[in-house]
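Please find below my note on the model under review.

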Amino acid sequence: MKIIKKKFIKYSLCPLLVLTFFFLPFLPLKNIKVQGNNFVSSESIIDICNIFKEKHIIKLLTFKSLQKDILKTFNEIENVRLKFKFPNTFVLTIYEKKPWVLCISDGKSWLIAKDGTIISTNESAIKNDQNLLIIKGLKKEFFNKSYINSNVLKEIMQYKEILSKHFSETKLMIETDDLYHINLVLEDHVQVYLGEFLNSNKKLTELKRFLSFISAEKLSKINYIDLRVDKKVFVEYGS
């Protein structure tokens, strides 16, 4: 009977001690530091986290409250890792979604992730140093505050898939306003008229074959390449 009583006391006290530990006024969060972010500002992340200051650090670590709030608030962020720095500081490492395409229209830019999230519209933060596919001319109504239109995203995925098969290492820009008739710009200067994106695999195969036989000097003198007629490659050279 005594053994049973001791066990009862032991197992009754454990949850009580844990709860007491969680709610005692020690180990309050005082400082939050942010690192790893490029597009979401540190200030806006800290603003979201300020409501957790003075809260119990162990409780925050256990329930991951900061991480959940950040992911819920910022669509641009894919993951958050939290590190406790004694005595009262959290260091947040931010993992943002990766840039996938860059859309430009009427002087405005949208950096898009693969799931359609608009990562940034801040021109000073957008750098096309990753040879991203650039799409120029899409209508502004295709973009809302956080995402690109889902149907437009599907079309872009098809563009990316087909173009990457033929020009995976080439800097490309697409000019289009309706998603069905497009022009390509290779390496910032060679204009390629594709017309409808139907049968684009065949057109791009012809284009790649043509480019494999032309010198860099001749390429630099091309005004445009026209592939709008099936099985034909028309080229206009400048002077």
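Which hand does the crossing of α2 and α4 have? The crossing of α2 and α4 is right-handed; a crossing counts as right-handed if the near helix is turned clockwise from the far one by less than a right angle, and as left-handed if anticlockwise.

1. Basis of the note. This is a predicted model, in which local features need pLDDT of at least 70 and side-chain atom pairs count only at pLDDT 80 or more, while totals for chains, interfaces and linings use all residues. Residues are numbered from 1 along each chain as its sequence is written, and side-chain values use heavy atoms, with hydrogens and water left out.

2. Chain overview. The chain has 7 helices and 12 strands; these are DSSP runs numbered from the N terminus, with helices being H or I of at least four residues and strands E of at least two. Of the 239 residues, 36% count as buried (buried means under 20% relative accessible area, exposed over 50%, partly exposed in between, with a 1.4 Å probe and protein chains only). Among contacts with a separation of 6 or more, 51% come from residues 24 or more positions apart; contact means heavy atoms within 4.5 Å.

3. Helices α2 and α4. Helix α2 (residues 42-49) packs against helix α4 (residues 65-73) at an angle of about 125°, and their axes are 10 Å apart. Axes are lines fitted to C-alpha atoms, for helices over the stretch in contact, and angles run from 0 to 180 degrees between N-to-C directions. The two helices are therefore oblique to each other (under 35 degrees counts as roughly parallel, over 145 as roughly antiparallel, 65 to 115 as roughly perpendicular and the rest as oblique). On the α2 side the contact is made by I45, I48 and C49, and on the α4 side by L66, D69, I70 and T73. By class, this contact has 5 nonpolar, 1 polar and 1 charged residues (Ala, Val, Leu, Ile, Met, Phe, Trp, Tyr, Cys and Pro count as nonpolar, Asp, Glu, Lys and Arg as charged, and the others, Gly among them, as polar).

4. Helices α5 and α6. The axes of α5 and α6 come within 10 Å and cross at roughly 25°, and the helices are therefore roughly parallel to each other. α5 passes α6 in a right-handed crossing. Helix α5 contributes I162, L163, K165 and H166 to the contact, and α6 contributes S200, N201, L204, T205 and K208. This contact has 3 nonpolar, 4 polar and 2 charged residues.

5. Aromatic pairs. Rings of Phe, Tyr and Trp (its six-membered ring) pair if their centres lie within 6.5 Å, with planes under 30 degrees apart counted as stacked, over 60 as edge-to-face and the rest as tilted. The count comes to 5 aromatic pairs. The rings of F84 and F86 have centres 6.4 Å apart and planes at 80°, so this pair is edge-to-face. Y159 and F197 also form an edge-to-face pair, at 4.6 Å centre to centre and 70° between the planes. Y159 lies in helix α5 (residues 150-166) and F197 in the loop between β10 (190-196) and α6 (200-212), so that the pair links distant parts of the chain, 38 residues apart. Both Y159 and F197 are buried.

6. Surroundings of F84. At 31% relative accessibility, F84 counts as partly exposed, whereas F86 is exposed, with a relative accessible area of 68%. Leaving aside neighbours within four places in sequence, F84 is in contact with I57, L61, T89 and F90. F84 and L29, 55 residues apart in sequence, are 9.7 Å apart in space, C-alpha to C-alpha.
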